Amino acid sequence: MSLNRPVIFLGPPAAGKGTQAKRIAERYHVPHLSTGDMLRDAVVRRTELGRLAKPIMERGALVPDDLVMGMVEERLSRPDCDGGFVFDGFPRTVPQAEHLQVILCQRGFGKPVVLELRVDRQTLLRRVAGRRTCSVGGEVYNVYDAPPKMADVCDVDGGKLIQRPDDYPEVVEERLRAYELQTRPLAEYYSAQGVLEIVDGSGPMEEVTRALAKIIDRAQGRDGHL
Ligand code: AP5
């Protein structure tokens, strides 16, 4: 399977973009492209990009567009992206979206399918507080809703589970502010193009995945099934 229309996830911190983007990418056998994961990886590897991005991410602000676009363009040039891809956390500003549109056009892809996950603030804060991430492989858990079999240990590789440094309350507030100011305008941008779909992201993970797959199947011209 492939995706002739790439998929973009929009939504505030902890709306479930990463959780759902992974599931959707697996379902359609295309890469899951998370700019947050790419930047965290650059920080761990101490690349030049990581060195520049680290303090910005630690205070919950957005990394400058030119740095993010360079990273994304490099990733999209790899052959595994030829059959489509699922973006998670990108684009996040109108200039990023405009630049992406040019790239998609150059590569012969159709208009993206943009899925905005809506979740109320109280649920977002609960999900942030409960999130634990494997320090080795990056697997994501939630102590309330998706706990590991053994406390603080990753089911997949036995790595230690940690809290993301940007999940501490004061940084989360800044990330929510950045979302409202810089990313929410994208909903209007994509709505004006007729490609925005709003999905309730507050239900159980399986239920949200089913709703998303139905929309994507329809947009790609397939019958929905899971
Ligand atoms: P990024 O990693 O993209 O962070 P984010 O957008 O704030 O999103 P999160 O990763 O917090 O949440 P999510 O929506 O993926 O939720 P998840 O599935 O994990 O970006 C981090 C930073 O990098 C940014 O602040 C910025 O500095 C920089 N950056 C990244 N991209 C950038 C860009 N394009 N431009 C500029 N800067 C950029 O779920 C959360 C928790 O809830 C988990 O524990 C999960 O298990 C649980 N959960 C998920 N779904 C459900 C459900 N349905 N029911 C119950 N629990 C659920």
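1. A word on terms before we look around: here a residue is called buried when its relative accessible area is under 20%, and exposed when that area is over 50%. Keep in mind as you read that this is a predicted model.

2. Start with helix α8, residues 185-192. The buried residues of this helix are Leu186, Ala187, Tyr189 and Tyr190. Looking down the axis of α8, you'll find those buried residues within an arc of 160 degrees, so they line one face of the helix. The face turned away from that buried side carries Glu188 and Ala192, which are exposed.

3. What do the buried residues of α8 pack against? Their partners are the strands β1 (7-10), β4 (113-118) and β8 (196-200), along with the helices α5 (94-106) and α7 (169-183). After α8 comes glycine 194, with a positive phi near 75 degrees.

4. Now the ligand. There are 34 residues around it, and the ones that come nearest are Thr19, Ala61, Arg92, Arg131 and Arg175. Sorted by class, the shell is made up of 15 nonpolar, 10 polar and 9 charged residues.

5. In arginine 175, an N or O atom of the side chain is 2.6 Å from a ligand oxygen, and a polar side-chain atom of arginine 92 is 2.7 Å from an oxygen of the ligand. Valine 63 takes part through its backbone: a polar atom there is 3.0 Å from a ligand nitrogen. How much of the ligand does the protein bury? Taken alone, the ligand exposes 1000 Å², and 96% of that is buried by the protein.

6. Which elements give two or more residues to the shell around the ligand? They are α1 (17-28), α2 (35-44) and β6 (140-142). The most comes from α2, with 4 residues.

7. A few backbone details deserve a check. Phenylalanine 90 and proline 91 are joined by a cis peptide bond, with omega about -10 degrees. Proline 91 sits in the loop between β3 (86-88) and α5.

8. Two residues other than glycine have positive phi values: alanine 14, near 70 degrees, and histidine 29, near 55 degrees. Alanine 14 is in the loop between β1 and α1, while histidine 29 is in the loop between α1 and β2 (32-34). Are they buried or exposed? Alanine 14 counts as buried because its relative accessibility is 13%, whereas histidine 29 is exposed, at 61%.

Notes: Residues numbered from 1 in each chain as written. Predicted model: local features only at pLDDT ≥ 70, side-chain atom pairs only at ≥ 80, totals over all residues. Heavy atoms only, no water. Near = heavy atom within 4 Å. Polar contact = N/O pair within 3.5 Å; in protein donor to acceptor, adjacent residues only side chain to side chain. Areas by Shrake-Rupley, 256 points an atom, 1.4 Å probe, with all protein chains shown as cover. Nonpolar A, V, L, I, M, F, W, Y, C, P; charged D, E, K, R; others polar. Buried < 20%, exposed > 50% of the residue type's maximum accessible area, 1.4 Å probe, protein only. Arc of directions from axis to C-beta. Contact = heavy atoms within 4.5 Å.
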